[in-house]
Amino acid sequence: KNHINLKIVGYGFMMSSIDLLVFPFMKLYSIGKIKSLWFMVFAMIIYALQPWIFLKSLQYETMTIMNLYWDLSSDLLVTLMGLFVFKEEIGYYKKIGMVFTVLALFFMSYEDVKKK
């Protein structure tokens, strides 16, 4: 029997949501909309949660898969934010790459359950 492992999905998206929360502040600083670096204190406090979430995720999947899931889900969410919130643009081949990212996330969350 095969199924989607929702724990992998949940932990991966929890960690990538932290990126999604912090990266806009970095973007706003880089384009001059935020002048103070005090937001970095906020970012460090938020990022301090990621190792704890990652540690908890290792109860359900290997380090290799969890890191890939976190990275790819973060890439997807941050890219979507860049496209829709900051009106950034990507080319045709990068859009194809994003399709492969979605496919990779699907296949990595798909659990092969061996019959005993």
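Which residues does Ser57 touch, not counting residues up to four places away in sequence? They are Tyr11, Met15 and Met66, where contact means heavy atoms within 4.5 Å. Ser57 sits in helix H3 and is buried, at 0% relative accessibility. Here, buried means under 20% relative accessible area, exposed means over 50%, and partly exposed lies in between (1.4 Å probe, protein chains only).

**How to read this model**

You are looking at a predicted model, in which local features need pLDDT of at least 70 and side-chain atom pairs count only at pLDDT 80 or more, while totals for chains, interfaces and linings use all residues. Residues are numbered from 1 along each chain as its sequence is written, and side-chain values use heavy atoms, with hydrogens and water left out.

The predictor's confidence in each residue, pLDDT, runs from 0 to 100. For the protein chain its mean is 91, and 95% of the residues reach 70 or more. Confidence is highest in helix H3 (residues 49-57), with a mean of 96, and lowest in strand S2 (residues 110-112), with a mean of 75. Helices (H or I, at least four residues) and strands (E, at least two) are DSSP runs, numbered from the N terminus.

**Around helix H3**

Helix H3 also holds Gln50, which is buried because its relative accessible area is 6%. Its side chain reaches the backbone oxygen of Met15 at 2.7 Å. Leaving aside neighbours within four places in sequence, Gln50 is in contact with Met15, Ile18, Asp19 and Trp70. Met15 therefore turns up in the contact lists of both Gln50 and Ser57, the latter being buried at 0%.

**A salt bridge across the chain**

The structure holds one salt bridge, meaning a side-chain nitrogen of Lys or Arg within 4 Å of a carboxyl oxygen of Asp or Glu. The partners are Glu88 and Lys27, whose side chains meet at 2.8 Å, N to O. This pair links distant parts of the chain: Glu88 is in the loop between helix H4 (63-84) and H5, Lys27 is in helix H1, and they are 61 residues apart.

**Out at the surface**

Ile4, Leu6, Val99, Phe100, Leu103, Phe106, Phe107 and Tyr110 make a nonpolar surface patch of about 800 Å². Patches are made of residues with over 30% relative accessible area and no salt bridge; like charges are joined within 9 Å, and nonpolar side chains (Val, Leu, Ile, Met, Phe, Trp, Tyr) within 5 Å. The areas come from the Shrake-Rupley method with a 1.4 Å probe, and for residues only the protein chains shown count as cover. H5 gives the most to this patch, with five residues. Leu6, another member of the patch, lies in helix H1 (residues 6-30).

Here are some accessibility values side by side.

| Residue | Relative accessible area | Class |
|---|---|---|
| Leu6 | 64% | exposed |
| Glu88 | 37% | partly exposed |
| His3 | 36% | partly exposed |
| Gly97 | 31% | partly exposed |
| Lys27 | 26% | partly exposed |

**Two distances to look up**

His3 lies in strand S1 (residues 2-4). Gly97, in helix H5 (residues 92-109), is 13 residues from Phe84 in sequence and 17 Å from it in space, C-alpha to C-alpha.

Definitions and conventions: A polar contact is a pair of N or O atoms within 3.5 Å; within protein, one must be able to donate a hydrogen and the other to accept it, and residues adjacent in sequence count only if both atoms are side-chain atoms.
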